[in-house]
Amino acid sequence: MKDPHVHAEKTPVPGFGHAAIRSTITEATGLVPSLPKTVGTGCRLRRPIAMISTAPEKITCLVCREWAREEYLTWAGMARAAAKLAEAEPRSAAARRRPPRTTSAPRSALTARFEVIR
Ligand SMILES: [Zn+2]
């Protein structure tokens, strides 16, 4: 019997699995890479890429949905903790200002092409 459910792809980071890589390569180059046609899912099965989703409302497999919920909550918690650390540390990379641009440096021809003409 054919499996009618939409599953969640099991990835190290939610949303960055084989399906996302395949989509990115296809959009960037216009070529379809020869990656596996099936992927591992949250319910420990291998299913075709066409039958997976990263959108929680589209996942109909209950085991995958519960697995994805826990993964998304875990990564959201880690992102929240990282944001708190960045805000608490004033010299963090996120708060660091870019060094001022030196005006004496010669401009390349490529840089000049992006200058706005007024
Ligand atoms: Zn599943």
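Reader: What should I know about the numbering and the model before I start?
Author: Residues are numbered from 1 along each chain as its sequence is written. The model is predicted, so local features need pLDDT of at least 70 and side-chain atom pairs count only at pLDDT 80 or more, while totals for chains, interfaces and linings use all residues.

Reader: What is the mean pLDDT of the chain?
Author: The mean pLDDT (the predictor's confidence in each residue, from 0 to 100) is 81, and 75% of the residues reach 70 or more.

Reader: Where is confidence lowest, and where is it highest?
Author: Helix 3 (residues 109–113) has the lowest confidence, with a mean of 58, and strand 2 the highest, at 93. Where pLDDT is low, the predicted coordinates should not be read in detail.

Reader: How many helices and strands does the chain have?
Author: The chain has three helices and two strands, in the order α-β-β-α-α along the sequence. Helices (H or I, at least four residues) and strands (E, at least two) are DSSP runs, numbered from the N terminus.

Reader: Turning to helix 2, how many of its residues are buried?
Author: The number buried is two of 27, so helix 2 lies largely in the open. A residue is buried if 20 or more other C-beta atoms lie within 10 Å of its own, exposed if 12 or fewer, and partly exposed in between, with C-beta atoms placed from the backbone.

Reader: Which residues make up the largest nonpolar core?
Author: That core has seven residues: Ala 8, Val 39, Ile 52, Ile 59, Cys 61, Cys 64 and Ala 68. A nonpolar core is a set of buried Ala, Val, Leu, Ile, Met, Phe, Trp, Tyr and Cys residues joined through C-beta atoms within 7 Å.

Reader: And what is Ala 68 in contact with, leaving aside neighbours within four places in sequence?
Author: Ala 68 is in contact (C-beta atoms, placed from the backbone, within 7 Å) with Ala 8, Pro 14, Gly 42, Pro 56 and Ile 59.

Reader: Where is Lys 58?
Author: Lys 58 is in the loop between strand 2 (46–48) and helix 2 (62–88).

Reader: Is Lys 58 buried or exposed?
Author: Lys 58 counts as exposed, because it has 11 C-beta neighbours inside 10 Å. The C-alpha atoms of Lys 58 and Ala 8 are separated by 9.2 Å, although these residues are 50 apart along the chain.

Key. Contact = placed C-beta atoms within 7 Å.
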